[in-house]
Structure formats: structure tokens, C-alpha cells
There are 2 protein chains.
Amino acid sequence: MTDWTQQTDAARKWFENLRDRICTEFEAIEREAGSEASFRYDSWSRKEEGNSDPGGGTRGLMKGKVFEKVGVNVSTVRGNFAPEFAGTINGASAESPGFTATGISLVAHMANPHVPAVHMNTRFLTTGKAWFGGGADLNPPIPYEEDTEQFHARFRAACSAHNPTYYERFRKWADDYFYIPHRSVHRGVGGIFYDHLECEDEAAFERNLAYTKDVGEAFLDVFPSLVRRRMETEFTPEDKQTQLEWRGRYAEFNLVYDRGTLFGLKTGGNIDAILMSLPPEAVWS
Amino acid sequence: MTDWTQQTDAARKWFENLRDRICTEFEAIEREAGSEASFRYDSWSRKEEGNSDPGGGTRGLMKGKVFEKVGVNVSTVRGNFAPEFAGTINGASAESPGFTATGISLVAHMANPHVPAVHMNTRFLTTGKAWFGGGADLNPPIPYEEDTEQFHARFRAACSAHNPTYYERFRKWADDYFYIPHRSVHRGVGGIFYDHLECEDEAAFERNLAYTKDVGEAFLDVFPSLVRRRMETEFTPEDKQTQLEWRGRYAEFNLVYDRGTLFGLKTGGNIDAILMSLPPEAVWS
């Protein structure tokens, strides 16, 4: 079995670098809106019985004028899955429950209902196998076709530079994943979702890391431009109500279906970091 | 196998009678507060492929001055469980997936944070077995010991009239059930919870129906008196914020853990009726 320590470290460094650049950019947007809001960072340590080095993470949170609530987590954890959970994870089992995971996850809920909310997450996991996963999806309470097309076009470009099949596969995967079966609706206008992008060897790791970096670059390129386009748009109390109801759907998806939330709850993650994705305010009619 | 058609009908009639009396009482409270709010009723029909009589229900909803949002559902449904779900239900299996269910469920979210929210639900189910279940729990954003004691004392009295062990067992069951593991907190100050109160024969049905009726009577007796005690209490914006954050916990519990919600989603229930329990407004900090 390959020792992935060095690769996990390289992936972690990338995620931290991406986090720093994203947070700087989001704070710059707050300045343009005349706000002094900035990210506050909290570190947390994971606990696992009998594990002296279970890892942890840093949660960045900003509540601003444009970003009503945005969280950016980077976490790097290692240990053993609980036996009943291990069997559900790629390359792990009750007999071989060891894992490492490093990743970045970001959810932004915006003050102005004309500005789309967004989610982005990329990660590198090792068990008996090693793989990347991730994605991003756009969640406009009030959708604009122009924004949806620009978001998809930017991720299509990032995908196409690496593999001609990625965009279509990962776009469809996002459509299947970001879906609320009990309401028969998608939670937003999609994006990309990928998982089990397997690293059979170090060369595959390098290829997959390069792709994952480009997914992060695409996000950093396209999302701020959508925010700047819509952040000054006037909105009515009805627009805000539409946003709050839409956020109810978002909370339902994350609490009932989201695998990342489940993974966090089952592996003793930090509750505030896991549930950071929940909207600052939501209504149910 | 006993034919429980007649008993199911008797239970349904009781649940409808209780619903009518509760709604009348809650509307009377609105009048005392100077509001004209009243319940609106929507009927829904269940759908199940190949089932010409799958049942349905009626959802009553009131948005008033005292009751910010209160829903009271009575539903009576019958059919076959999905094969993968049947195995998880008492007395059912993939080979024998037939069931009937009738019940009342009520959730009230109150405008004034000094007034406790409340949940009450009782039901009668048949598969290869037949049983009652139900309970009630009190959810004060700002708890008063006096209210908690009165609520428990009234259910203790209802339980003790039927079986000396019921209150302690069902109080403890509520403590175990209405718990949010990922936050290590209870969702409120408890109450009672019971399930699989088995009806081996018609005499047992009558005994268990009589107990279930007394649970409903206890609710109708005690909750309105708590509402009237607190509904005029002045509250601050901080009190309201406490309530909204507390409602975030409530939404988490219902979407991640609640078995009634899961049962509804898995048996093709009405989404608006199932998710009626969600708060009108919630915040996550």
C-alpha cells in the first residue's frame, strides 16, 4: 500500500492556499460595498479514543454586508472509521477502517436575494484507496440565465482542460446529487460534482491534484464576478421572502441528504464546522 | 389474523374528534388575544401504484397572533410498505408489507418566546401486529420550571390511571428520543413517548385506545393553560433571537432524526403535512 503522507500534505497546502486567496477576495468585495467585515478563524481539534493525532481544522466565518454568512473550512483528519460506518466507504472495511482526509468546504449565503448562494468543496481521501472528490453548485433564490451560463461555462473550461468527458459526467452528477426527492426539485441550478477520482499511483495523484486545483481556480474566478454583478441590485421585501423560503429547502437538503454532513457527524467532526452550511435565517410557510 | 378495520375506524373517529376540540380551543385563545385567526383545512390524497384506496388526510393550519404557526394533521392511510422499508417496521416484512395507519399529529410554534412550543402525536397502526404509539413534548425557548412541572404532572396523572409503570417508562423514553446527539442536548424539557403498545386482542385494543384518549385529553387540558399563563408576557428582541436559534435546533432534530418524518417521506405522505412541523422562521448563527 502506497504511503500517501506526502501527497496528503501537498493537498492540504493547496487547500489552505486556496482558502487564503478566497477569503482575501471576499473581504475585498466587502470593502467595495463599504463594509469593514472580515473573516474570523476558529481552530478545532478532533477527538478519537486511542488516537493521539486525530487532526482537526480551521473554520473561517464572515458576517458582512454582501456576504450575510460565509463559512470556509479547511480540515485535515486521520484515524479509524467506526466499524458500522467503515463498510460504506470506498476502500475501507470494518477490518481495515483507517483513513485520512483533507479538504476545503465553503458555503456562502448572501444578503441580497439577487446574488446567488454558492457551495464549493474539494477533498483528498485515503483508505485502502486514494481519491479526490469535490464540486460546486450555484443556488440563486432568483435565477438569472446569464449567471447560470457563466458559472457552468467556467467549470466546463476547467474540466475540458483535463478530460473531454469530465464536464458532461460531473454536471450530470451534480444534477443527480443536488436534488430534493421529497419535493421533486433541484436545490439550485447545478454545477459539477465528482467523487472517487482514483489515484492508482503518484502520477495519477498529480493529474487529479492539478484538476482539483483548476476547479478551485474556476470557482475563485467566476463566483466573485457574479457577486459584483448583482450586489447593488435593489430588492423588495417579497424578494427577501423568496430567498428565506428557498433557504428552507436548502436546510432540508443539507440535513436530510447531504453526504458531507453525514460524513462529518459520523466521524466526530466539529459541529459548528459541519453545520456552518446552514443558512443564517430560513422560513417555512 | 384479526381484521382491524372496525378498530381503525374507531381510532380515526377519536383522532378527528380530538382535532376538532383542539382547534376550537386554540381559536378561542386567538379571540382572547383579539385576533380573528382560524384554521384552514386542506385535504390530500395518498398515491400508491396499484392501490385504489390508499387513503389520505386533512391538514389544518393556523397562523395567528398567539400561534405563529400551528399545524394539526389527521391522516388515515393503508397499503404496502416499500420492500426495503417493510423490514424495519414492527410486524411487517418484504413478504408481508401490508399496513394501515391512522393518527393525529400537532406541532405549535408560538409567537411569544415565553410561551413554549409543543408537539403531540398519537396513532394506531396495523401490520401483522396492531399497536398504539404517541406522545407529547414541551419545547420552551425560555423554560419555566412551573410550566415544565405542570406539563409532566398532567401526563403523569393520565398515565397512572392506566398503568403504574407507564409514566416513568414513557417519560424516560421521551428523554431518550427527543435528543440531538450531534449537539448532546435535549430538544426541550421532555414529556412522554410510547410506541408498540401492542393490541393482542380486541380487549387490549380497547384498553390502549382508552389510554391514548387520556393522553389526548391531558394535552387539551394542560397546554392551553400554559399558553394563557405566558401569552401576555413582554419580550425583548434578545428573547426572540433566543427563540429563533432554538428553532434551528428543532429543525435539525426533525430533519435528521425524527422517525415520524422518515415514516412520512418513505410512505409517500403529503410533504406539506410531513414538514408542517418545521418552524415558521429559524436562524443559525
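In the predicted model, A:Glu232 is placed in the loop that runs between helix H5 (202–230) and helix H6 (237–256) of chain A. With a relative accessible area of 61%, A:Glu232 is exposed, because the cut-off for that class is over 50%. Its C-alpha atom is separated by 9.2 Å from that of A:Val66, a residue that lies 166 residues away along the chain.

The sheet of chain A is open and consists of seven strands in the order S1-S2-S3-S4-S5-S6-S9, with antiparallel pairing. Its edges are formed by strand S1 (40–45) and strand S9 (191–198) of chain A, each of which pairs on one side only. From one strand to the next, the twist averages 5°. Within this arrangement, strand S4 (residues 98–110) and strand S5 (residues 117–126) of chain A run antiparallel and are joined by nine bridges, and A:Val107 is found opposite A:His119 in S5(A). On S9(A), the partner is S6(A), paired in the antiparallel sense over six bridges, and here A:Ala136 stands opposite A:Ile192 in S9(A).

Of its residues, 10 of the 10 are buried, so S6(A) is largely enclosed by the rest of the structure. Helix H3 (residues 145–160) of chain A lies across S5, strand S6 (130–139) and S9 of chain A, and runs at about 160° to S6(A).

In chain B, an open sheet of seven strands is found with the order S1-S2-S3-S4-S5-S6-S9 and antiparallel pairing. Strand S1 (40–45) and strand S9 (191–198) of chain B are the edge strands, each pairing on one side only, and neighbouring strands of the sheet are turned by 5° against each other on average, direction ignored. Strand S6 (residues 130–139) of chain B is joined to S9(B) by six bridges, the two strands running antiparallel, and B:Ala136 stands opposite B:Ile192 in S9(B). Helix H5 (residues 202–230) of chain B packs on this sheet, where it touches S3, strand S4 (98–110), strand S5 (117–126), S6 and S9 of chain B, and its direction makes about 165° with that of S9(B).

The relation between the chains was examined by superposition. Chain A can be laid on chain B with an RMSD of 0.0 Å by a turn of 180° and a shift of 0.0 Å along the axis, which is the relation of a two-fold axis. The same surface serves both copies, in that 100% of the contact residues of chain A recur in chain B.

Over all chains, the structure holds 54 aromatic pairs. In one of them, the ring centres of B:Phe26 and B:Phe67 are 4.4 Å apart and the planes stand at 25°, so the pair is stacked. This pair links distant parts of the chain, since B:Phe26 belongs to helix H1 (residues 5–32) of chain B and B:Phe67 to strand S3 (residues 67–80) of chain B, at 41 residues apart. Both partners are enclosed: B:Phe26 is buried with a relative accessible area of 0%, and B:Phe67 is buried with a relative accessible area of 0%. In chain A, ring pairs link A:Tyr166, A:Phe170, A:Trp173, A:Tyr177, A:Phe178, A:Phe193, A:Tyr194, A:Tyr211, A:Phe253 and A:Tyr257 into a cluster.

Charged groups are also found over aromatic rings. A:Arg156 lies over the face of A:Tyr167, at 4.9 Å from the ring centre, while the charged end of B:Arg230 sits over the ring of B:Tyr144, 3.7 Å from its centre.

Notes. Residues are numbered from 1 along each chain as its sequence is written. Chains are lettered from A and ligands numbered from 1 in the order in which they are written. This is a predicted model: local features need pLDDT of at least 70, side-chain atom pairs count only at pLDDT 80 or more; totals for chains, interfaces and linings use all residues. Side-chain values use heavy atoms; hydrogens and water are left out. Two strands pair if DSSP finds at least two bridges between them. Helices (H or I, at least four residues) and strands (E, at least two) are DSSP runs, numbered from the N terminus. Axes are lines fitted to C-alpha atoms, for helices over the stretch in contact, and angles run from 0 to 180 degrees between N-to-C directions. Contact means heavy atoms within 4.5 Å. Rings of Phe, Tyr and Trp (its six-membered ring) pair if their centres lie within 6.5 Å; planes under 30 degrees apart count as stacked, over 60 as edge-to-face and the rest as tilted. Buried means under 20% relative accessible area, exposed over 50%, partly exposed in between (1.4 Å probe, protein chains only). A charge sits over a ring if NZ of Lys or CZ of Arg is within 6 Å of the ring centre and within 35 degrees of the ring normal. Copies are superposed by least squares on the C-alpha atoms of residues with pLDDT of at least 70 in both.
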